[in-house]
Amino acid sequence: MITLKEALKLSPSDILALRAELKEKIKANKHLGAYIEQLTSTEIGDEYAGIPIAIKDNIQVKGWNVTSCSKILQGYVAPYNATVIDKLLKAGLAPFGRTNMDEFAMGSTTESSFYGKTLNPLDNSRVPGGSSGGSAAAVASNIAIAALGSDTGGSIRQPAAFCGCVGFKPTYGRVSRFGLGAYSSSLDQIGPITSCVEDAALLYDIIAGHDPKDSTSSKLEVISTADKLDANKKLTIAVIKNYIDEASDDVKKALNLTIEKLKNSGHKIIYKDLSNSKYDIAAYYIIATAEASANLSRYDGVRYGRRAECKNLGEMYAKTRGEGFGAEVQRRMLLGTFVLSSGYYDAYYIKAQKARAFIKREYEEILSESDLMFMPVAPSVAYKFGELSDPLKAYLSDIYTIGVNLAGLPAITVPVAKDDNGLNISAQLIGKAWAEQTVLDGAYSLEKSIKGN
């Protein structure tokens with residue numbers, strides 16, 4: 001598959017040929033479950049006939065069924081474009097298909113989708129990660145040039161790492177959330193999943209920028225990054241030693257070898273520790289579920305989406321949500337409602353916000369002494385379906401990614417090795433707020449050192 005950089009140079013006729021080629025490849029790889037639906041320009045209008053980009057099913061595309069992979073939103077048709085979609089169209093790119101995801105972005109495996117699970121292209125018996133598993137699997141299997149995902153606690157970075165591609169989460173507020181189906185409003189961020197760092201920078205440059213329709217959108221000037229990528233810039237990189245020590249043997253070995261390559265490339269390596277990741281997990285799942293409880297209260301059978309058969313209003317609410325939401329979404333909504341309830345708000349939610357402030361300070365202190373932080377993306381390589389049947393154990397697959405969202409920082413994952421079974425291992429680089437250029441430069445340097453050029 002060609003890169004996004006190469007696709008941006010194609011003629012209109014070549015783009016049409018590329019779209020036709022991708023359509024055939026998607027049919028041939030239907031078993032992966034990466035796409036829910038692939039739409040042609042005839043079906044959605046000539047305005048969407050640009051360079052094809054895969055879109056996660058929680059990003060609004062006018063005229064598309066956009067369901068967040070939930071039963072409750074079956075039949076909903078988006079009446080407008082998300083800001084990122086308008087930006088794609090303006091740049092000559094176009095949404096090409098809906099990619100599979102965990103229902104309402106709640107999960108780490110893409111198993112909770114109403115449409116069925118997505119398979120990992122590297123090993124079909126293993127999870128592709130989540131919640132942007134469809135987008136990552138599409139890019140990794142060469143049935144998408146690039147894709148958009150959303151990242152609430154690692155939902156771009158973790159599936160990119162499990163599938164073997166690049167996943168980039170910008171600083172919170174750098175990319176508009178207008179038109180993104182809300183899970184946790186203070187944590188959600190749209191970002192690119194691509195086959196290489198340069199493509200991630202190109203796609204990021206297209207979608208970044210202030211949006212008056214998003215009250216959390218930053219007004220800071222966005223400066224293009226792709227044309228300034230510098231693999232030779234020497235950086236101070238803080239390795240989070242205790243996180244690497246806690247990872248599986250394969251991940252630990254691969255990351256330690258990667259650190260040596262970074263040293264050989266001229267980067268300065270220092271070693272730091274972060275507090276036990278159990279604090280990140282606790283704070284994240286209280287804050288995220290509380291915000292989800294508020295955000296998903298709008299799905300009540302009144303305004304849009306599915307409505308259950310009922311005799312009165314109370315029954316309609318209960319049956320619509322009971323039938324429309326999957327088990328994981330119900331679990332998180334119940335938890336979120338509980339921590340916001342009278343008598344528990346101070347005991348849980350307020351304490352979680354204090355923990356969040358502590359976590360943010362820890363990241364900022366380390367980044368005051370370094371340009372980037374270096375750590376694992378997940379404790380292990382992609383695990384097999386059913387291996388983590390306990391939801392609480394599954395939550396631990398996010399332990400190295402959620403702190404970044406709590407702190408609102410930019411982060412990227414880059415493939416660095418394969419284990420003995422051919423499964424991907426990636427490294428995660430984290431930068432200061434608004435320092436996307438530094439994060440991308442570090443990732444570009446790392447990518448080149450891994451490839452040996």
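Me: Contact means heavy atoms within 4.5 Å. With that in hand, which residues is Phe162 in contact with, leaving aside its neighbours within four places in sequence?

Reply: A quick caution before we look: this is a predicted model, where local features need pLDDT of at least 70, side-chain atom pairs count only at pLDDT 80 or more, and totals for chains, interfaces and linings use all residues. Residues are numbered from 1 along each chain as its sequence is written, and side-chain values use heavy atoms, with hydrogens and water left out. Now, Phe162 touches Asn120, Leu122, Val127, Pro128, Gly129, Ala378, Ser380, Val381, Ala382, Tyr383 and Asn424. Phe162 and Ile425 sit 7.2 Å apart, C-alpha to C-alpha, though 263 residues separate them in sequence.

Me: Is Phe162 buried or exposed?

Reply: Buried means under 20% relative accessible area, exposed over 50%, and partly exposed in between, using a 1.4 Å probe and protein chains only. Phe162 counts as buried because its relative accessibility is 2%. You'll find Phe162 in helix H6 (residues 157-163); helices (H or I, at least four residues) and strands (E, at least two) are DSSP runs, numbered from the N terminus.

Me: Which residues touch the most other members of the largest nonpolar core?

Reply: A nonpolar core is a set of buried Ala, Val, Leu, Ile, Met, Phe, Trp, Tyr and Cys residues joined through side-chain atoms within 4.5 Å. The largest one here has 131 residues, and Leu88, Tyr363 and Phe374 touch the most other members. Helix H10 (residues 278-295) gives the most to this core, with nine residues. There's also a second, separate core of eight residues, and our Phe162 is one of them, along with Leu32, Ala382 and Phe385.

Me: At what angle do H10 and H13 pack?

Reply: Two packed helices are described by the angle between their axes and the distance between the axes. Axes are lines fitted to C-alpha atoms, for helices over the stretch in contact, and angles run from 0 to 180 degrees between N-to-C directions. H10 and H13 (residues 345-367) pack at about 125°, with axes 9 Å apart. That makes H10 oblique to H13, since under 35 degrees is roughly parallel, over 145 roughly antiparallel, 65 to 115 roughly perpendicular and the rest oblique. Among the residues that meet are Asp280 and Ile287 in H10, and Ile359 and Tyr363 in H13.

Me: And which strands pair with E9?

Reply: Two strands pair if DSSP finds at least two bridges between them. E7 (residues 236-240) pairs with E9 in the parallel sense over three bridges, with Val239 bridged to Phe374. E11 (residues 424-431) pairs with E9 in the antiparallel sense over five bridges, and there Leu372 stands opposite Gly431. E9 itself (residues 372-376) has five of its five residues buried.
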